[in-house]
Amino acid sequence: MPFTAFHCAPVWLIFLARPKRFDWIALSVGATLPDILEPLMIFIFYRHYGEVRVWTHSLLGAATIVLIGALLVSVFVVPRILAYLRDKYKDKRFHTFAKIDILEHRGSILVIIYSALIGTISHVTLDLFYHASNPIFHPYGSTAILFFDDLMISKIITTIVTGGIFCYLAYRFWWKT
Ligand SMILES: [Zn+2]
């Protein structure tokens with residue numbers, strides 16, 4: 001994805017369908033963390049892009065390392081930042097989505113775990129349409145799903161669809177809050 005934030009589009013749709021069943025913060029963190037962890041892990045562990053990518057962009061990584069990272073960030077980091085911004089700026093946009101207070105409306109730990117997992121898996125799945133090779137089945141190989149068997153067309157379609165949905169949802173359910 002050219003914009004990591006576009007990965008929020010599918011999980012926000014899931015949240016809007018059943019807000020009581022999911023945790024918005026965990027869904028959003030899970031959906032974006034693989035791309036954020038990638039440069040961080042390269043920097044911290046001095047590893048090559050390919051070595052790190054097999055862990056950040058595989059189902060195995062999505063259910064282990066990235067999931068653990070998403071849980072830690074969803075429980076300990078993002079809520080504190082949002083609560084700080086809410087108290088400092090008194091702006092509903094720091095803690096509201098679709099008229100739901102995402103800081104008050106937190107699921108049980110089970111809800112947070114499966115929301116984060118749905119987020120991480122949705123990320124690696126969506127990337128199948130955007131990269132020529134994805135280590136999704138690591139250690140059992142890589143694959144891609146390209147529209148019209150063409151990488152450029154697939155990138156354009158994926159970006160327009162996810163970008164369009166993201167911008168619409170962000171405007172309608174967050175900006176206009
Ligand atoms: Zn990615």
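These legends walk through several close-up views of a predicted model. Residues are numbered from 1 along each chain as its sequence is written. Because the model is predicted, local features need pLDDT of at least 70 and side-chain atom pairs count only at pLDDT 80 or more, while totals for chains, interfaces and linings use all residues.

**View 1. The largest nonpolar core holds 27 residues.** A nonpolar core is a set of buried Ala, Val, Leu, Ile, Met, Phe, Trp, Tyr and Cys residues joined through C-beta atoms within 7 Å. Here, buried means that 20 or more other C-beta atoms lie within 10 Å of a residue's own; exposed means 12 or fewer, partly exposed covers what is in between, and the C-beta atoms are placed from the backbone. Look for Val11, Trp24, Ala26, Leu27, Val29 and Ala70, the residues with the most contacts inside this core. Helices H1 (8–17), H2 (24–45), H5 (65–89) and H6 (109–126) each supply at least two of its residues, and H2 gives the largest share, 8 residues. Helices (H or I, at least four residues) and strands (E, at least two) are DSSP runs, numbered from the N terminus.

**View 2. Helix H1 has a buried set of residues.** Cys8, Ala9, Pro10, Val11, Trp12 and Phe15 are the buried residues of H1. Their cover includes H2, H6 and helix H7 (151–175). Zoom in on Val11: leaving out residues up to four places away in sequence, Val11 touches Leu27, Ser28, Ala31, Ile118, Gly119 and Ser122. Two residues are in contact if their C-beta atoms, placed from the backbone, lie within 7 Å.

**View 3. Helices H2 and H6 cross at roughly 35°.** Their axes come within 7 Å. Axes are lines fitted to C-alpha atoms, for helices over the stretch in contact, and angles run from 0 to 180 degrees between N-to-C directions. Among the residues making the contact are Leu27 and Ala31 of H2 and Ile118 and Ser122 of H6. By class, the contact has 11 nonpolar, 7 polar and no charged residues. Ala, Val, Leu, Ile, Met, Phe, Trp, Tyr, Cys and Pro count as nonpolar, Asp, Glu, Lys and Arg as charged, and the others, Gly among them, as polar.

**View 4. Helices H5 and H6 pack at an angle of about 125°.** The axes of H5 and H6 are 9 Å apart. The two helices are therefore oblique to each other; angles under 35 degrees count as roughly parallel, over 145 as roughly antiparallel, 65 to 115 as roughly perpendicular and the rest as oblique. H5 passes H6 in a right-handed crossing. Residues of H5 including Val66, Ala70 and Val75 meet residues of H6 including Ile112, Ala116 and Thr120.

**View 5. Tyr46 and Lys90 each have a positive phi without being glycine.** Tyr46, in the loop between H2 and helix H3 (49–56), has a phi of about 55°. Tyr46 is exposed, with 8 other C-beta atoms within 10 Å. Lys90 sits in the loop between H5 and strand S1 (96–97), and its phi is near 50°. Lys90 also counts as exposed, with 8 C-beta neighbours inside 10 Å.

**View 6. The peptide bond from His138 to Pro139 is cis.** Omega here is near 10°. You can find Pro139 in the loop between H6 and H7.

Conventions:
Left-handed = near helix turned anticlockwise from the far one by under 90°.
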